[in-house]
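User: I would like to learn how to read side-chain contacts in a protein model. Please take me through them one kind at a time.

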Amino acid sequence: MAFRGTRHDFITILARQTDFLCITSSLLVEMFGTEDVDSRSRMEKEIKSCEVQGDALLTDFHEMLSARPFIQVNKLDLQAVAMAMDDCLDVIKDTSKAVLIYRPAKLDGQLKELAQMARSQSEVIHDAIPLLLDLKRNLPAISMACERVTELEHAADDAYEEYVGYIFGNEENTRELIKYKNLAEMLENATDAHKRISDNIRKLLLNHLAD
């Protein structure tokens with residue numbers, strides 16, 4: 001059992017990071033589902049607040065790692081998972097800010113679908129993190145969760161390519177086309193960022209089992 005004797009502090013912080021992932025990704029879905037500028041601004045501020053709190057969590061995580069000379073999993077593997085989640089929060093924050101800056105004439109349903117894929121990934125990761133308390137026992141479930149995150153990332157890749165083809169074939173306003181393409185790319189980057197979290201969880205599993 002990887003975290004016995006640590007009072008589960010590491011998992012507690014990782015779990016809190018996933019709470020922020022779920023909150024921010026859900027707010028992002030809402031942002032892409034409304035045309036109300038004031039609502040978008042409020043949501044962007046909430047996302048920013050979560051991102052700032054996430055930064056503080058990462059600092060706590062680093063301090064905790066440095067204070068624990070002996071733990072049963074590689075410190076770098078734990079750090080990589082925490083940092084990948086922090087990076088993902090940054091991507092979500094940047095995407096929400098872009099919605100406000102670009103002020104697109106419309107937000108196509110395909111963009112909201114991409115945001116929903118990122119939210120689904122957040123939810124899968126959220127449920128998987130507590131399973132790290134017992135790596136050996138929960139290995140199949142953790143592996144399935146990582147695979148689900150990867151499947152969603154592949155689906156987002158396909159959805160992004162389809163949407164880019166759609167706007168290039170239907171949007172005549174070049175300025176708006178660029179806005180839509182950039183937003184779609186940022187959302188696709190958010191799904192990539194979630195996959196990097198799962199990739200680092202996989203690496204943690206492999207390295208722990210190899211020891």
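**Reading side-chain contacts**

Analyst: Y163 is buried, with a relative accessible area of 1%. Buried stands for under 20% relative accessible area, exposed for over 50%, and partly exposed for what lies in between (1.4 Å probe, protein chains only). This is a predicted model, in which local features need pLDDT of at least 70, side-chain atom pairs count only at pLDDT 80 or more, and totals for chains, interfaces and linings use all residues. Residues are numbered from 1 along each chain as its sequence is written, and side-chain values use heavy atoms, with hydrogens and water left out.

User: How many aromatic pairs are found in the whole structure?

Analyst: Rings of Phe, Tyr and Trp (its six-membered ring) pair if their centres lie within 6.5 Å; planes under 30 degrees apart are stacked, over 60 edge-to-face, and the rest tilted. The search finds 2 aromatic pairs. In one of them, F10 and F61 have ring centres 5.8 Å apart and planes at 70°, so the pair is edge-to-face. F10 belongs to helix α1 (residues 9–31) and F61 to helix α2 (residues 37–67), so the contact ties together parts 51 residues apart in sequence. Helices here are DSSP runs (H or I, at least four residues), numbered from the N terminus. F10 is buried at 0%, and F61 is buried at 0%. The rings of Y163 and Y166 have centres 6.2 Å apart and planes at 25°, so they are stacked. Y163 and Y166 are 3 residues apart in helix α5 (residues 135–170), about one helical turn.

User: Which residue forms a salt bridge with E147?

Analyst: A salt bridge needs a side-chain nitrogen of Lys or Arg within 4 Å of a carboxyl oxygen of Asp or Glu. The whole structure has 9 salt bridges. E147 pairs with R202, the closest N and O atoms being 3.2 Å apart. This pair links distant parts of the chain, with E147 in helix α5 and R202 in helix α6 (residues 174–210), 55 residues apart. Another bridge joins E176 to K179, with closest N and O atoms 2.9 Å apart. E176 is buried at 11% relative accessibility, and K179 is buried at 14%.

User: How many disulfides are there?

Analyst: A disulfide is a covalent bond between the sulfur atoms of two cysteines. The search counts a pair of cysteine sulfur atoms within 2.5 Å, and it finds 0 disulfides. For C22, the nearest cysteine sulfur, that of C88, is 10 Å away. The sulfur of C146 is 14 Å from the closest cysteine sulfur, in C88, too far for a bond.

Terms used. Helix = DSSP H or I, 4+ residues; strand = E, 2+ residues; numbered from the N terminus.
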